[in-house]
Structure formats: C-alpha cells, structure tokens
Amino acid sequence: MIQTSDRFKEHVTRALADDDLKIALSRTTGLLQARRRQVIDEYAEYGAARERAGAIKDHTLAHLDHYLEMFETNARANGATVHWAKTPEAARRIVTKICTQAGAKTATRVKSMLGEEIGIAQALSDAGVERIETDLAEHIIQLAQDPPSHIVMPAMHKTHEQVAQLFDDLHDIAPDTHDIPDLVGSARRELRQKFLSADVSISGANFLIADTGATVTVTNEGNSELTCTPPKVHIVTAGIEKLVPGMAHASVFLRLLARAAIGAEITQYTTFYNGPKRSGDADGPEAYHIVLVDNHRSEMLGSDLQAMLKCIRCGACMNHCPVYAAIGGHAYGAVYPGPMGSVLTPALSSLKAAKDLPNACTLNGRCKEVCPVNIPLPDMLRNLRARQWEAKLASPVTKLALGAWRFVARRPKLYHFATGMAVFGMRLLSLGRTRIRRMPMAGGWVKYRDLPRPEKGSFMQQYKASKHAGEKRP
Amino acid sequence: MSDRALIFGAIRSAKRSPARPAEDIAKEAADLVAHPEVTQPGFAGETLLDRFVAKATSERVTATVDQLAAKRDIPRAVSEYLKKIGQGTDICVQNCAVLNGLDWSGFACSPDLEKDRGCAVTLAEYGIAETGSVVFRSGADSPILLNFLPMYHIVVLRTDTLIGYTEDLWPLLGGAHAPQSRLLTIVTGTSGTADIEAINVRGAHGPKHMHILIVPP
C-alpha cells in the first residue's frame, strides 16, 4: 500500500464522519478486550511469562547475527532456499523471479503483515500472477479493494452488512443468508477449489526457529496449511526480527501471542514448516523458499527504537487504544496502525512523513500495559515527539501553544490565576450539568465528545483550602 | 555488495558489545528456558487425561470426546458418530499401520474430500493436555491435508501419547539436530474465524467438527 500518513488529519476527519466505521469498531473492540482480559486473568503465570518473553527477545536481538546465521544453516539443511532482501524492492524482485521461474499463473496467499510491508500484491502483479487471499478478512478486503485496517483483523472496519453486500455482488454463488456463519460458509465455498489448484503459495512467519530452521505460522482458520501444501512452490517472507533461539523459547511466545491477540490460550493451528516435501511424502510442495527481509530493522538495532523489534504483532495495543477505537486503522495511512504503528511507521519511512502519528496518542499507557512483551510504547512515542521538536517538525500551533504555556508556567502567580479562571470558566460553560457540550477554542474536542466538568477550584485552590481547614481543626 | 552482506554489516555495526563465543550464547539461551514451569499454566492435581478432556471439550475448543476400552472399538465408535450426525458411511481413513489393522468393513472408504461434507479419520501422534491439542506430522503415511479438508474430523489419540505441555513435545521429536518432517501442526479444535465483527464462527476453511476417540496404548 502507498503510505499516506502525511494526510493523517484529513483521514481522521473522514473517519470520524463514517457511521459504518463507528458501528464496526464498537462491535469489535469491546469483545476483543473482554476476551483478552478473561484468559489473562486465568493465566496465573502471565507476569513471569511476559518477563521471560521480553528477556528472550533481548537475548536474541543482542545476538541477532549469530542467530540469523544459525537459522540460515539449519533452514538450508532442511532443504529450503534462503534469500536476503535489504529493501522491499529487493524482496519483491526475489518473489517475482521465483514466480516467473515456476511459470506460475495463480498464487494463494496467507495473511502476513511483512507481506503488506514489502508489497507482495505488487510483486505478484509484476510477475503476471493472479493473487488469491485465503484469510477470510484478507479475502474481504481484496474484494473491497481496501488496505488492511488492523494487523490481526484486517477487515475490522467492515460491518457484516457491508461484507454481505460484497459477497452478494462478487461471489460465484451468493451467500445463503446475511448471517455471519453463512457469510463464512460462502467464502469457504468460493475459495476451496482455488486453494487446491494454485501454482504458488506465499505465507509469512510468526516466528523463525534458529536451531531447527523452522518457520512458524499461527492461524485460526487453517488456511495456512491448506494454502501451503498443494502448490508446487511455497514462499515464506519474514522480517529478520522474528527469530527465537529454539522450540522451547517459541512455547513461551505462543502462549502470550494467542492470549493477547484473540483472547485464546492457543490458536487453532500452530504449524512448523521445515522445508519442501520429503521423499515419499503424501503431499507438500517441491520447492520451499524463505525470503528474509531487513527494511530498516538493522537500523533500529542499537537505537532508541530497538524495543520495537520485540513486537510479536498481536494487535493488543490497537484493541486498547482510545484513538484507534475512534478512528480505525485506515486513518493512520500506513501498513501498521495504532500505537505500535505510530512507533514503527516513522522508523520504516521517515519522521517527517509520519509526523502526526506520534501525536495521535493520549499517553494513557494502556498500550504498554497490555503489551505481552512490555514494549514501552508511550515512552517511545514521547521520544519521537521530542525528536520532532528537535528536528523543527512541530506545527506552528503546537509551537505557539507550548511557548505560551512556558511563559505562564514560569510565573506561578499568573499560572494559579489562569488555571483558577479556566476552572471557573469551564464550570460556567457546563451550565450546571456534569459534562461540557460546547467550548470556545476546543471545537475539535467537543465536536465528537463531551468534556467532563472540572471540580470546584483548581488543585492549588483546593489544596490551600484544605490546608487552611486542617489548621483550624483542634 | 550482496543484500546478505549489507544486512550482516548493518547488524554488526549496530552492536554495542563485542561478539561472544557461541557456547556462552547457547548457555544463556538454555538458561532462559531452564525452568519452563515458571511460565506454564499450572494444572496440579489433574491427570493428563482429565486435563486433556476438559480442555478439548471446553467452549473455546469445541471438540467432542469418546473414551474407548480398546482399539478394536474404533470402527464401531466411528459408525455411531456418523449415525449421530446424520452422515452416510463415506469416510476417508488415514493409510497408516494403526488404523489399517482395524475392521473397516461396512464403510465406503471413497469420499471426495475436496467437496464439502467429507469425514476423515486420522491418527494423532501426540495429545497436549495443557490446551487439549492434538499433533500431526506430514509423512508417507500421513497426508497433511487429510486433517484440513474434511468437514468432520475424527481423531484417534492413544493415551500413552499424552504429554503435558508443548515443551515436552520438542525432545520427543529428537531435538534440534534430528531430521524433521516437512510439517508439524498442533491442532486445537476446529477451523474458526472471528474476522467478521469478532464473532466466533466454526468451519472457516477446515473442519467444522472434531470428534476425538481416546484409546488405550
């Protein structure tokens, strides 16, 4: 997809006016939060697992060159062909070449965010190959010609009514009814034969196991195994940060990933791919390629963005972000939306091209709280804001407001007077209710939600009053 | 310069500490998982079998379970299940030693699994009590698609292959340097999706129903 993060504000205005989007987001985020909460509460060892997962990632990143070499050696011993790509363009060239050499006409694809990042759709179109998305959500957005709006649930922005309309119009046989199970059944019917007759399959990897050379996918649909078994060529594209040292380390992450992403103890299918078909095997591809992609990851190593390389792409941060819940994923204008995207997008493109993203954050800290590997997302977003300030990328309004605040904050008497007046004014505007509906100079805020009425008196006024009352008491 | 060299060059120049001997790195990696019980969900007091059945039949996994007295009861149990769900006698039985030794007379073993209402009987290599999962590996006698194409998936699981956690599985596969099958899959219930409005629906692309027959060794 083409990054349009520089038009964030324009996207937000459109998103906030989209009633279908509001319905779609309100139907999903609450459910995802409740399911996650329940399985985490049942997992008494969660804290220890989270701490251990972070330590495993730190260890792996500290020795990334060592583990990449180990993975390459073992994957080759398994019969894989390993390719390296510094940039998305290089990765696309490799995929295009494999497809062309295989004489491929069709390719089935398993959803992968790295695939989105490097532009797999473009690579296949360059090779003249028809792309068939097999993940249900990816199938929906392929029909709608939308980019993904969430890293785990790419069609989160669609209501079931919108999906029904798409399937009615575009499936060979229309769904029996517009109920969700029948919509799922319609996709099953539409895609089944395509799974079995494709020439090439393309998947991503949730993990790369260094000491066995395996690539791992976790899915609920089972579309990965159905996709990657019948075609004669299987291509895996994966970011170099997906490594873990061994199978026992992967176990720690598998427990955390399913719980954080979908609120389950494990996904329905956790699958380890070790290469092409073995001699005598009943099924499987003849050739197996792994494309390892850098795309700025090696630059993040050793920088203040290194912690972002620990991300296991569970999506919990976006499911718990009030900004994401209000605007959805498309507004971010990038492959990765939400809090993790607001950190990653500037690293994958530039601070300037994504300058609004680190500011689209209330710093409430929920993203860090729910992160299964404890990435300090709010701190990183704050650092990005500071770097923007240093690079003189802050908007004139922000500069003016911060300048005014600095002037007032350095003059305590003026500060106390101003905050006292603000509280007084806001209480007047509340018209005796507990919420403020209209407020001058805060139109952008109160247009979509109310402001709470402040307590009577500023903090300092209340503090002085209580101190005064305390002194009077015997 | 090759992309490989560029990537390794960038990684090595980003590192702030000098390279360490491989043995030291291996020891540190092993120490990180030396006490798996710290991060494994505990189920003290439950037997492996009880835990497996409770998890497999839970609302989140949705399998059904039948515990049989002997292996020879498998065809009868399959027949009863097919009757219960209103299916005919068309099934596809995995062509492996354990299942081939049974009396399948009375079944029409010629289903077209590529169509949609098929039923397959396959043998799990292991069962994982922690999550109620079953494990399959691809091989000459184990076409992996047999576990993904049918609408009804009947799984035979031997009690002596039950293990506690995924960590217990890895050593059974021969360790890091043993030759591995092309594919190993840990299957937990049936194919599902929550891609439309986060509502859970079963039978996305793979099986909609899983029935597990637990048999003695």
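Leu414(A) is found in helix α20 of chain A, which spans residues 412-429. The model is a predicted one, and in it Leu414(A) is partly exposed, with a relative accessible area of 34%. Once residues up to four places away in sequence are set aside, Leu414(A) touches Phe407(A) and Val408(A).

A second residue of chain A, Thr159(A), lies in the loop between α8 (136-144) and α9 (160-170). Its relative accessible area is 2%, so Thr159(A) is buried. Leaving aside neighbours within four places in sequence, Thr159(A) is in contact with Asp20(A), Ile23(A), Ala24(A) and Arg27(A), and also with Glu197(B).

Over all chains, the structure holds 10 aromatic pairs. One of them joins Tyr269(A) and Phe148(B), whose rings lie 5.1 Å centre to centre with 40° between the planes, an arrangement that counts as tilted. This pair crosses between chains, since Tyr269(A) belongs to strand β9 (residues 269-273) of chain A, whereas Phe148(B) sits in the loop between β5 (133-137) and β6 (152-158) of chain B. Tyr269(A) is buried, with a relative accessible area of 1%, and Phe148(B) likewise counts as buried, at 0% relative accessibility. Separately, Phe8(A), Tyr324(A) and Tyr332(A) form one aromatic cluster.

The accessibilities of the residues discussed so far can be set side by side.

| Residue | Relative accessible area | Class |
|---|---|---|
| Leu414(A) | 34% | partly exposed |
| Thr159(A) | 2% | buried |
| Tyr269(A) | 1% | buried |
| Phe148(B) | 0% | buried |

Helix α3 (residues 46-62) of chain A packs against helix α2 (residues 22-32) of chain B at an angle of about 170°, and their axes are 10 Å apart. Because angles over 145 degrees count as roughly antiparallel, α3(A) is roughly antiparallel to α2(B). The crossing in which α3(A) passes α2(B) is left-handed. On the side of α3(A), the contact is made by Arg52(A), Ala55(A), Ile56(A) and His59(A), while α2(B) contributes Ile25(B), Glu28(B), Ala29(B), Asp31(B) and Leu32(B).

Definitions and conventions. Residues are numbered from 1 along each chain as its sequence is written. Chains are lettered from A and ligands numbered from 1 in the order in which they are written. This is a predicted model: local features need pLDDT of at least 70, side-chain atom pairs count only at pLDDT 80 or more; totals for chains, interfaces and linings use all residues. Side-chain values use heavy atoms; hydrogens and water are left out. Axes are lines fitted to C-alpha atoms, for helices over the stretch in contact, and angles run from 0 to 180 degrees between N-to-C directions. Helices (H or I, at least four residues) and strands (E, at least two) are DSSP runs, numbered from the N terminus. Angles under 35 degrees count as roughly parallel, over 145 as roughly antiparallel, 65 to 115 as roughly perpendicular and the rest as oblique. A crossing is left-handed if the near helix is turned anticlockwise from the far one by less than a right angle, and right-handed if clockwise. Contact means heavy atoms within 4.5 Å. Rings of Phe, Tyr and Trp (its six-membered ring) pair if their centres lie within 6.5 Å; planes under 30 degrees apart count as stacked, over 60 as edge-to-face and the rest as tilted. Buried means under 20% relative accessible area, exposed over 50%, partly exposed in between (1.4 Å probe, protein chains only).
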